[in-house]
Amino acid sequence: METGEETGLSSDSALADDFCLDAVRRGDRDRYLTVLFAPAGRRPGLLALYAFNLEIARARESVSEPMIGLIRLQWWRDCLDQIFAGEPVRRHPVAEALARAIARHRLPREPFEWLLLGRERDMEPAPPSDRAALIDYAEATAGPLFELGARILDCDAAEHEAARIAMREIAIGYALTGLLRSIPFHAGAGRVYLPEDAMRHAGLAVQDLIASASAEKRRALVAEIAAIAASHLDEGRRLGRSAPRRLRSLLLSGAIARAHLRRLERAGFDPLHASVQQSPPWTIWSLMLRSLFGRV
């Protein structure tokens with residue numbers, strides 16, 4: 001490993017970067033794999049961004065009361081306000097790494113606020129009311145992350161219409177896929193992200209999502225949401241073919257999500273099946289071939 005002197009980083013900066021790398025590798029392995037295909041100089045910024053996302057995504061699951069979760073989100077909101085105001089950074093490794101990424105890549109404040117607002121929905125007791133609300137939640141919690149990632153990769157997606165739409169579609173499909181794979185965890189905690197009207201129509205309650213007696217109904221609803229996710233991912237792949245090559249590491253997220261959906265389909269759309277939670281060791285080789293041949 002390079003020392004702080006060799007990289008031009010202080011020892012504290014290097015420690016913060018190492019903290020983010022380890023956090024993302026352990027807590028968000030899919031995004032960690034995509035970072036490996038980004039230019040080396042852009043990886044610390046992406047890892048800081050994804051470590052920040054982990055912090056706010058876990059706000060609800062790491063507390064006993066929604067109000068405490070909102071307080072945690074407000075802590076990060078205040079932290080961002082201080083960073084953008086040029087004030088001293090709070091003594092937190094993710095905050096320190098994120099402050100450097102924001103300064104180096106000139107990241108705007110607004111997408112961070114969108115992410116925080118999206119995560120505030122995690123504190124609400126009711127699930128998304130319908131399919132449109134579910135897609136809106138997926139976009140709110142993943143879309144700004146892709147936008148910020150594009151800026152770190154030195155690409156203003158707003159200037160590339162196809163790339164902007166491709167990232168939006170992949171963000172939605174990626175988030176929906178993640179929610180389907182997380183059904184056992186969320187339902188075990190008494191939470192549900194499937195559309196409320198669809199749950200009601202299927203005669204499902206949150207406890208039914210992990211009950212063997214409700215397998216048929218559960219699979220039917222999961223298959224329906226999986227089809228929606230696949231549709232967004234397919235559109236993102238189509239549009240992504242004309243996106244700037246420097247965005248490939250971001251767009252590879254779509255390939256990972258499609259692989260997860262294929263495993264879910266082979267498991268009969270049962271999110272409780274052990275294979276649905278797997279990330280095969282050959283994923284990195286698949287991504288390498290896709291990157292080499294310019295396929296997303």
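At roughly what angle do the axes of helix 5 and helix 7 cross? In this predicted model, the axes of helix 5 (residues 66-84) and helix 7 (residues 110-120) come within 10 Å and cross at roughly 175°. Because angles over 145 degrees count as roughly antiparallel, helix 5 and helix 7 are described as roughly antiparallel to each other.

**The contact of helix 5 with helix 7**

- On the side of helix 5, the contact is made by Leu70, Leu73, Trp76, Arg77, Leu80 and Phe84, while helix 7 contributes Phe112, Glu113, Leu116, Leu117, Arg119 and Glu120.

**The largest pocket**

- The largest pocket has a volume of about 930 Å³, and of the 32 residues that line it, Gly27, Asp28, Gly178, Leu179 and Ser182 are the closest to its centre.
- Several helices each supply at least two residues of the lining, among them helix 2 (11-27), helix 4 (43-57) and helix 13, but the largest share, six residues, comes from helix 9.
- The lining of the largest pocket divides into eleven nonpolar, ten polar and eleven charged residues.

**Alanine 257**

- Alanine 257 lies in helix 13 (residues 248-266), and with a relative accessible area of 1% it is buried, since buried means under 20%.
- Leaving aside residues up to four places away in sequence, alanine 257 touches Tyr174, Thr177 and Leu233.
- Between alanine 257 and glycine 41 there are 26 Å in space, C-alpha to C-alpha, and the two are 216 residues apart in sequence.

Terms used: Residues are numbered from 1 along each chain as its sequence is written. This is a predicted model: local features need pLDDT of at least 70, side-chain atom pairs count only at pLDDT 80 or more; totals for chains, interfaces and linings use all residues. Side-chain values use heavy atoms; hydrogens and water are left out. Helices (H or I, at least four residues) and strands (E, at least two) are DSSP runs, numbered from the N terminus. Buried means under 20% relative accessible area, exposed over 50%, partly exposed in between (1.4 Å probe, protein chains only). Contact means heavy atoms within 4.5 Å. Axes are lines fitted to C-alpha atoms, for helices over the stretch in contact, and angles run from 0 to 180 degrees between N-to-C directions. Angles under 35 degrees count as roughly parallel, over 145 as roughly antiparallel, 65 to 115 as roughly perpendicular and the rest as oblique. On a 1 Å grid over the protein atoms alone, a cavity is a set of points where a 1.4 Å probe fits but cannot get out, and a pocket is an open set with protein on both sides within 12 Å along at least five of seven lines; lining residues have an atom within 4 Å of a point. Grid points are joined across faces, edges and corners, and a volume is the space filled by probe spheres set on the points. Ala, Val, Leu, Ile, Met, Phe, Trp, Tyr, Cys and Pro count as nonpolar, Asp, Glu, Lys and Arg as charged, and the others, Gly among them, as polar.
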